[in-house]
Amino acid sequence: MSQKLKGYLWLFLTIFLFSTFEIVSHTLTKTTTTAFVNAFRFFLGGLVLLPFAILHLQKKDVKLSKKDFRGLLLLGFLNAVFSMNLLQLSLKYSPASTTAILFSTNPIFVALFSSFILKERPSSRQLFGIFLGFIGSIFVTGGIKATSLIGPLLTLSSAALFGLYTVAGKNLTIRLGSLTVNSISFLFGGAINWLWVLINNQSLWQVTSENYLKLIYLGVFVTGIAYYAFFNGLALLNTTAGSSVFFAKPVFASILAWVFLRETITWNKFVGIIIILLAMQFVMFAEKPKNIIH
């Protein structure tokens, strides 16, 4: 199996798991707060991966420096604290479909940050593919709707921060391994979210007999395993091409909603799925940039 194919298989596993997030988290809104969900799932995801991260570091005989810890703390802030909480907050001001569309713009930010930070220049085919993917996302989710600019601005800020997180985490992942990067940054991010819960006088433990399995699923699968697969895939691919699989998220989400929630796949969703599949052909099979980091 080629490195490229292996990279995309890791990333499609990531997007499949990410696509289950809305279905599961939607059922938690009445029993938990956003900050607690992010605190619980990221801290649990970090704990699940920690033993494997320690074994990996011992096997590779790698010692973490103060600079490494600062970088991992920054990743925890970017993703688990800022990006994910802004994304959840945006749902109060915009429909879920609009949020899904705008968050799918994160490959655009990845391409931008990759150019400046990693010196990976996206090709014209990749840029065209990203544009097509965005158009396809609009079709799948039914269009951009919002009563004010607050929701879209929050979502775009979340997408930009996630794009920065993706780029900032790549080199650390190549050097330290996905297990280490995810485990420690998740523990940092989860702990900071729990501090936020405390500061806002929210309950520090919102787990009940009705929601504990859902929270465990979010922590172990949607956070621990999904992010591990995400950075494993990125380590094998050009960052812009790798991040483009996020356009498949509306496709998976539509299929899962059809299977589990009996939501109809309408004509616009079908058209959007075709456009997204075409877009991913452009991005995935574009000529590899010369400056790619492996």
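Predicted model: local features only at pLDDT ≥ 70, side-chain atom pairs only at ≥ 80, totals over all residues.
**Confidence by element.** I found the lowest confidence in helix α5 (residues 96–103), at a mean of 68, and the highest in α9, at 93; helices here are DSSP runs of H or I with at least four residues, numbered from the N terminus. Over residues 289–294 the pLDDT falls below 50, yet I see 20 contacts for this stretch in the model beyond near neighbours in sequence, where contact means heavy atoms within 4.5 Å.

**Cores.** I traced the largest nonpolar core to 46 residues, with F162, Y165 and Y227 having the most contacts inside it; such a core is a set of buried Ala, Val, Leu, Ile, Met, Phe, Trp, Tyr and Cys residues joined through side-chain atoms within 4.5 Å, and buried means under 20% relative accessible area, exposed over 50% and partly exposed in between, with a 1.4 Å probe and protein chains only. A second, separate core has 6 residues, including A111, I130, F247 and I273.

**Aromatic rings.** I noted that ring pairs link F18, F42, F162, Y165, F186, Y227, F230 and F231 into a cluster; rings of Phe, Tyr and Trp (its six-membered ring) pair if their centres lie within 6.5 Å, and planes under 30 degrees apart count as stacked, over 60 as edge-to-face and the rest as tilted. The structure holds 17 aromatic pairs, and one of them, F43 with W194, is edge-to-face at 5.8 Å centre to centre and 80 degrees between the planes. Because F43 lies in helix α3 (residues 34–60) and W194 in helix α9 (residues 178–199), this pair ties together parts that are 151 residues apart in sequence.

**R41.** I located R41 in helix α3, where it counts as buried at 2% relative accessibility. Its side chain is joined to that of T223 by a polar contact of 2.8 Å, meaning a pair of N or O atoms within 3.5 Å, where within protein one must be able to donate a hydrogen and the other to accept it, and residues adjacent in sequence count only if both atoms are side-chain atoms.

Notes:
Residues numbered from 1 in each chain as written. Heavy atoms only, no water. Helix = DSSP H or I, 4+ residues; strand = E, 2+ residues; numbered from the N terminus. pLDDT = per-residue confidence, 0-100.
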